Amino acid sequence: MVEEQDYQIVITSTAERAYFEVLDYVFEHHSKQSANSIALELLEHPQILKKFPNLGTIEANLKQRSEKYRFILFERTTKITVKIIYYVDEENKKIYLTDFFPCEMNEQKIRRRK
């Protein structure tokens, strides 16, 4: 029996900046212990995509792009809900995380983010 290879997750530089912007908010509004926990959970959450890369919902705001963008939701509290936006490179077995988008932001801003 051949075991299927897991996909590799790549965090783009844009997604990395967005991740740290989310953390700025988290560390400002939560205890250090809670904020550290949220930071780790936010990075751990997309690991399920390694086995199920097409699990996420199609991102309607990015349908005009050449890549097929999807998202999964990270919901920690009502104030900390983040869309983790990504696309799958099937040929190279890679998942590119492109954004950590706070859901309290205006959805239309997704189109303007790189």
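Which residue lies over the face of F71, and at what distance from the ring centre? In this predicted model, the residue in question is K83, placed at 4.2 Å from the centre of the F71 ring. The protein that holds this arrangement has 2 helices and 5 strands, and their order along the sequence follows the pattern β-α-α-β-β-β-β.

**Overall picture**

- Of the 114 residues in the protein, 39% are buried, and the accessible surface comes to about 7,300 Å², with 50% of that area belonging to carbon and sulfur atoms.
- When contacts between residues at least 6 apart in sequence are considered, 52% of them join residues that are at least 24 apart.

**K83 and the salt bridges**

- Besides lying over the face of F71, K83 meets the side chain of E59 in a salt bridge, with a separation of 2.8 Å from N to O.
- Because K83 lies in strand β4 while E59 lies in the loop between β2 and β3, this pair ties together parts of the chain that are 24 residues apart in sequence.
- Both partners of this bridge fall under the 20% cut-off for a buried residue, since K83 has a relative accessibility of 7% and E59 has one of 2%.
- A salt bridge also joins the side chains of R76 and E41, again described by a distance of 2.8 Å from N to O.
- R76 belongs to the loop between β3 and β4 and E41 to helix α2, so this bridge ties together parts that are 35 residues apart in sequence.
- R76 is partly exposed, with a relative accessible area of 32%, and E41 likewise counts as partly exposed, at 29% relative accessibility.
- D6 forms a salt bridge with K51, in which the closest N and O atoms are 2.8 Å apart.
- This pair links distant parts of the chain, as D6 sits in the segment before β1 and K51 in the loop between α2 and β2, 45 residues apart.
- D6 is partly exposed at a relative accessible area of 33%, whereas K51 counts as exposed at 53%.

**Aromatic groups**

- The structure holds 4 aromatic pairs, including an edge-to-face pair formed by Y69 and Y87, with 5.4 Å from centre to centre and 70° between the planes.
- This pair links distant parts of the chain, with Y69 in the loop between β2 and β3 (70-75) and Y87 in strand β4 (residues 81-89), 18 residues apart.
- Y69 and Y87 are both buried, and the charged end of R65 sits over the ring of Y69, 6.0 Å from the centre of that ring.
- Y19, F20 and F100 together form one aromatic cluster.

- L97 lies in strand β5 (residues 94-102) and is buried, with a relative accessible area of 1%.
- Apart from neighbours within four places in sequence, L97 is in contact with I9, V10, I11, T12, A15, P46, L49, I84, I85 and Y86.
- The C-alpha atoms of L97 and T12 are separated by 6.1 Å, although the two residues are 85 residues apart along the chain.
- I11, one of the residues that L97 contacts, lies in strand β1 (residues 8-11) and counts as partly exposed at 38% relative accessibility.
- With neighbours within four places in sequence left aside, I11 is in contact with E16, L43 and L97.
- I11 and Y86 are 75 residues apart in sequence, and their C-alpha atoms are 9.1 Å apart in space.
- T81, found in strand β4, is buried with a relative accessible area of 12%.
- Not counting residues up to four places away in sequence, T81 touches L73, F74, E75, F101, P102, C103 and E104.

**Nonpolar surface**

- I48, F52 and L55 make a nonpolar surface patch of about 300 Å².

Definitions and conventions:
Residues are numbered from 1 along each chain as its sequence is written. This is a predicted model: local features need pLDDT of at least 70, side-chain atom pairs count only at pLDDT 80 or more; totals for chains, interfaces and linings use all residues. Side-chain values use heavy atoms; hydrogens and water are left out. Helices (H or I, at least four residues) and strands (E, at least two) are DSSP runs, numbered from the N terminus. Buried means under 20% relative accessible area, exposed over 50%, partly exposed in between (1.4 Å probe, protein chains only). Contact means heavy atoms within 4.5 Å. Accessible areas come from the Shrake-Rupley method with a 1.4 Å probe; for residues, only the protein chains shown count as cover. Patches are made of residues with over 30% relative accessible area and no salt bridge: like charges are joined within 9 Å, nonpolar side chains (Val, Leu, Ile, Met, Phe, Trp, Tyr) within 5 Å. A salt bridge is a side-chain nitrogen of Lys or Arg within 4 Å of a carboxyl oxygen of Asp or Glu. Rings of Phe, Tyr and Trp (its six-membered ring) pair if their centres lie within 6.5 Å; planes under 30 degrees apart count as stacked, over 60 as edge-to-face and the rest as tilted. A charge sits over a ring if NZ of Lys or CZ of Arg is within 6 Å of the ring centre and within 35 degrees of the ring normal.
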